[in-house]
Amino acid sequence: MRRPGKSDKSIVPKKPANKVGLQNSTAAEQVEGRDLPKGNEMQQNTRQTQGWESVQSALQLVHQKAKTDKKMQFTALMHHIYNVDNLRAAYYSLKRKAAPGVDKETWKSYGEELEIKLQDLSEKLKRGAYQAKPVRRAYIPKADGKQRPLGVTVVEDKIVQKAAVEVLNAIYEADFAGFSYGFRPRRHQHKALDALYAGIMTRKVNWVLDADISDYFNSISHSWLVKFVEHRIADKRVVRLIQKWLNAGVLEDGHVTYNEEGTPQGGSASPLMSNIYLHYVYDLWVQQWRKREANGEVIVVRFADDTIVGFQHKSDAERFVKELKERLGKFGLKLHPTKTRLIEFGRYAAEKREKRGEGKPETFTFLGFAHMCGVSRDGRFTVQRKTIKKRLHAKVKEVQTELKRRMHATIRDTGQWLKQVVTGHYQYYGVPGNYEALDDFRYLVHWNWRRALRRRSQKGYITWERMNEIINRWLPRPKICHEHPLTRIGVIARGKSLVR
């Protein structure tokens, strides 16, 4: 239902556009011009920053309206999207070295006459003449040896999608559930991991459902997605814009195919569309189920299509799984048959299983970590988090392959590169209790580097003493980079539950 307001013109982003898995640079970095003539650089950057600030200010007002009235429909949003300042900011937020789409245009080549192109793009959006181009299909290897399909979008479509996501985020960030963490501004994997840890440690959790939706991104129904969007977005031009992206088609092996399901991973709009879909299909349903159907405590953490649900009672868990399958089936989705598991887990799991003679509690994986029932130094229950072995070995294999390619590079060049790799690994996997896995990773990188150096020539023997000097010079020692979850989440939550 549409509610009367002072003005139809409302809506708006207040944070950098979201990106699968990682957060974007700050607003100042997003509008940084790098290839401008020296004489115009100061003036151009000032104009970009001022323009972006005005856009953000307008979007903040939209966010406040969305937050105040959860049923308000926004009827005039398109002018925020075709605003040239917003389009320019979207351009500068894109990855500079991203692969080109079907038109072969790169970020750099598009920026050669940027202002002219942005003005032309703005006019096309105003007139409704803008047309999305097909998405080029590409594949990247997964840790399990399979390939993940990605969509490579043309630069112009990326710009429009980024600008639109900024606007739509202003509305949907007021709607999304607190337990939803994937592909959202100022949220990331470690906030989801902290929330899960805190939920299991502080709530009555005895059973854990590790649920994974099968082939989620390729199963999203276009018709249902549009209906969901229309709950909040009454601006027909914005709805048509989303439909153009959904119907643009996918180019693979020289042929363009059109489907009525799926959003190609890789585009700026795809993560937001997937979150909107699951917000209506899953999140709202879970919140109601927990209030009306559960007999005990229930915690939820969702990151994209991966969700962990903790239950106090097994009967609740089994009933939830059954009803969840029915709920997803109504919208063309289904749980992955092998990746979805219900296990006994929690502070009493080890004791109960030992009495039944069933051995140690099972483990579950989430966001790159294996979660296990453990005991702290003072003998209390704790959730231990370790790097998934499959992920660790997959990363080592990547390093091994690159070392072969760099076999004849200087020790300094290879050392600088490996330092970045190892540091990045610590920054993600450096959680309390995972020091041993970090040390294993460093040792395996060390061992593979020594082997690569020995293979450079028949006289390439290198002593362990010399190798240790090289390793100590270039490979940082393991470092725990993250605070204890209960310490960090206590500051973030400030009394509010992050699993409800």
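User: Which residues of α4 are buried?
Analyst: The buried residues of α4 are V84, N86, L87, R88, A89, A90, Y91, Y92 and S93. Buried stands for under 20% relative accessible area, exposed for over 50%, and partly exposed for what lies in between, with a 1.4 Å probe and protein chains only. Helix α4 covers residues 84-93, and nine of its ten residues are buried. Helices (H or I, at least four residues) and strands (E, at least two) are DSSP runs numbered from the N terminus.

User: What kind of model is this, and how are residues numbered?
Analyst: The model is predicted: local features need pLDDT of at least 70, side-chain atom pairs count only at pLDDT 80 or more, and totals for chains, interfaces and linings use all residues. Residues are numbered from 1 along each chain as its sequence is written, and side-chain values use heavy atoms, with hydrogens and water left out.

User: Back to α4. What does N83 reach at the start of the helix?
Analyst: A side-chain oxygen of N83 comes to within 2.8 Å of the backbone nitrogen of D85.

User: How many helices and strands does the protein have?
Analyst: The protein has 18 helices and eleven strands. Of its 500 residues, 51% count as buried. Among contacts with a separation of 6 or more, 73% are between residues 24 or more positions apart; contact means heavy atoms within 4.5 Å.

User: Which residues touch the most other members of the largest nonpolar core?
Analyst: They are I159, I276, F320 and F366, in a core of 132 residues. Helix α11 (residues 269-292) gives this core its largest share, twelve residues. A nonpolar core is a set of buried Ala, Val, Leu, Ile, Met, Phe, Trp, Tyr and Cys residues joined through side-chain atoms within 4.5 Å.

User: And what is F366 in contact with?
Analyst: Leaving aside neighbours within four places in sequence, F366 is in contact with A192, L193, L196, V301, F303, D306, I308 and H371.

User: Which residues line the largest cavity?
Analyst: The lining consists of Q400, L403, K404, M407, N448, R451, A452 and R455. Helices α14 (389-405) and α16 (435-454) each supply at least two of the lining residues. By class, the lining has three nonpolar, two polar and three charged residues. Here Ala, Val, Leu, Ile, Met, Phe, Trp, Tyr, Cys and Pro count as nonpolar, Asp, Glu, Lys and Arg as charged, and the others, Gly among them, as polar.

User: What about K389, buried or exposed?
Analyst: K389, found in helix α14, is exposed, with a relative accessible area of 67%. The C-alpha atoms of K389 and A437 are separated by 8.7 Å, and the two residues are 48 residues apart along the chain.

User: What is the phi of F183?
Analyst: Phi of F183 is near 60°, a positive value in a residue other than glycine. Most residues other than glycine have a negative phi. F183 is found in the loop between α7 (155-172) and α8 (189-202), and F183 is buried at 9% relative accessible area.

User: And where does A304 lie?
Analyst: A304 lies in the loop between β6 (298-303) and β7 (306-311). A304 also has a positive phi, of about 60°, although it is not a glycine, and A304 is buried, with a relative accessible area of 7%.

User: Last one: what is P134 in contact with?
Analyst: Leaving aside neighbours within four places in sequence, P134 is in contact with V102, A248, G249 and V256. P134 lies in the loop between α6 (114-127) and β1 (135-141) and is partly exposed, with a relative accessible area of 21%.

Definitions and conventions
1 Å grid on protein atoms, 1.4 Å probe; cavity = no way out; pocket = protein on both sides within 12 Å on 5 of 7 lines; lining within 4 Å. Polar contact = N/O pair within 3.5 Å; in protein donor to acceptor, adjacent residues only side chain to side chain.
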